[in-house]
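Student: I would like to go through some helix packing terms and check each against its definition.
Tutor: Let us look at the structure first.

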Amino acid sequence: MKFSYNWLKEYVPHLPPAQKLASQLTLKSFEVEKIEKRAGDFILEINLPPNRFSDASGHLGLAKEISAILDIPFKLPSLNLKEGKQKASNFVNVKIVDKNDCYRYSARVIFDVQVKESPKWLKQKLETCGLQSINNVVDATNYVMLLTGQPLHAFDYDKLTGKNIKTIIVRRAKNNEKIETLDDRKISLDKDILLIADLKNPLAIAGIKGGKIAEIDAHTKRIVLESANFNPSLIRKASRKVGITTDASLRFERTISPLLTTEALDYVASLIQQLAGGRILKGIIDVFPQKFTKKVLGFNFEKFYHFIGFTIDKKFIEKKFESLGFKIIKKSSSDLFVEIPPHRIDIERFEDLAEEILRLYDYNKTPALAPVAPIKPINLSEEIVFRNKIKDILTNYGVDEVYSYAFISLNDIKAFNLNEKNVIALENPISNEYTHLQPTLIINLLKIAELNLKFYEKIKIFTIGKTFQKAPVKPFEEWRLAIALATKNKKDDTVFFELKGVIESLIEALNCHDVSFEDANINWFIKNRSAIIKSDNLDLGYIGQIIPALSHKYTDGFNVFICELDIAKLLKLSQEEYEFTPLPKYPAVIRDISILVDLDIRLSEILNVIYESEPKILFDVDLFDIYEGENLPENKKSLSFHLVFQADDHTLTSEEVGKALEKIISNLKNKLGAEIR
């Protein structure tokens, strides 16, 4: 934001040279980004923080700040306001439709003005701050905005709808309502845009740009002056939507005090009377739905000294509060109670007061002291520790961690055949690629797999993140783990079992027991290449090979095997107590069998038949190979198992094992139509 050095000097006559002033401002207040010399003046380009626009976006406010910083006198500009006998309220009425859209609307009325070219001094001040001269009335409103920080606007009274009393309405636009702005742009509006209107037409886009209908021109004789305060969020969104940013919108969207409106109106009415003549009608039409209450904060000296780590003279503190416009309403040896200036909307708590004193004292004067407060290590939650443990285990297995956004697109929802009603949509998405919160980690993990497969023949990656779901009562989120193994070699059938092995090793390392894999048909996975991971009746997650339709869309058709696990359920399972039995006294006997079965027969069915056939001495069954494809009959698959036999009270004989194996083979043939290979 641009400020004129010469203009500031009118209110702080004893200003130091521009370079020294810039240095002091940067050190104690606002960063001066650039100094430019122009026509006997210096233009200070200052980076104002958003919370200081209310009190320092005008030359008066900045001059007060400089006066407090440098401890030099400040001089207010003179105000010579002469009102007539006619009341402004007899000619203009103001209506605010929604008090949450407009916090205050103040207006003055001036009759018999003479619109003409502005004097040279006024043109020069506007041009110095980057504004063009229009005419003496419009220039006066812009001048006072640069003076006080309060945007203003002037309407031609005679162009407003109505006879005796003109009505100004602050309302939302109707959908597809149109307005032509002062710069000849025709803009289509909607209900998210706030308007200033009369009984018939929109007059201005509130806080952003005036319209053509009530434009001030050479024929204007009577004017209505607007000085208002609007909802910052509404102005910010409207400015982006219509694609217009002005000095006014920059101030409104960063929040300014509603108490600026009447002060600015008096300044501008007085200046217009000086430049254009006219009669200022008596009184201000002032609609202020949400009345301002004074803010008083306590300032304890001991608390302040403890906060900064050293002491500052109490008289210095009192003096600086007063120089900043803070009114001391009560004081004692230990405390001050200060009334906050209405324009200082950034002051909300004790720490804000402390910062004001410390910056004016000079940060460079603060002694370098070690902190005296005890530093305690934070207590990590068991969930965080558990997630870190998972990361350590997987990275030790050679699986690389990856990160992604938690967002997906509408195209992703359709590709995975998700119900859009059950996926949480973002109110203000940053792009079309990030419109919804992810209900599963698999979608984004596939996208990362595609990027990595451009550079590697085979990848092993995992991610830990939150998934988001809708629920009947309220949305909920879950921490989940997803692991993906992928290869460019489409003939490599070992990847599925490699992923299964990683999961089994992880589960064992996490002290989770009694976990099984049960065949299941899951939409995203190839039939007979997917399973639900369970512990008793608890579903921990699922594993499978991505179907061709999704692998072609996301990974150029390469084989991708993925699992997703619920971390909260894993944590619960890992904390359960287990009863351990002693190691068996007698040796185990291992036999291998290979069978040929129909493709649609699930692994769980085969395992059930095997275990039911010999419940006494069959200790364990492990699937170590599965094959589908060439050299097999159509619609058949081959599976190979390790069968582990063991007894608790004696060493098994070959005859016992042989009979048990015969019984298992017989049941596989009779119940499942299996062929022994």
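Tutor: G277, which follows α9, has a positive phi, near 70 degrees. This is a predicted model, in which local features need pLDDT of at least 70, side-chain atom pairs count only at pLDDT 80 or more, and totals for chains, interfaces and linings use all residues. Residues are numbered from 1 along each chain as its sequence is written, and side-chain values use heavy atoms, with hydrogens and water left out.

Student: What makes α9 mostly covered?
Tutor: Of its 17 residues, 14 are buried, that is, under 20% relative accessible area (1.4 Å probe, protein chains only).

Student: How do you know that the span of α9 agrees with its 17 residues?
Tutor: The expected span is 1.5 Å times one less than the number of residues. For α9 that should be 24 Å, and its end C-alpha atoms are 24 Å apart, so the two agree.

Student: Why are α6 and α9 called oblique to each other?
Tutor: Helix α6 (residues 136-148) and helix α9 (residues 260-276) pack at about 140 degrees, with axes 9 Å apart. Angles under 35 degrees count as roughly parallel, over 145 as roughly antiparallel, 65 to 115 as roughly perpendicular and the rest as oblique. Therefore α6 and α9 are oblique.

Student: Why is α11 called roughly perpendicular to α12?
Tutor: Helix α11 (residues 314-323) and helix α12 (residues 350-361) pack at about 105 degrees, their axes 10 Å apart. That angle makes α11 roughly perpendicular to α12.

Student: Which residues of α11 and α12 make the contact?
Tutor: With contact meaning heavy atoms within 4.5 Å, F316, I317, K320 and F321 of α11 meet L353, I357, L360 and Y361 of α12.

Terms used: Axes fitted to C-alpha atoms, helices over the stretch in contact; angles between N-to-C directions. Helix = DSSP H or I, 4+ residues; strand = E, 2+ residues; numbered from the N terminus. Buried < 20%, exposed > 50% of the residue type's maximum accessible area, 1.4 Å probe, protein only.
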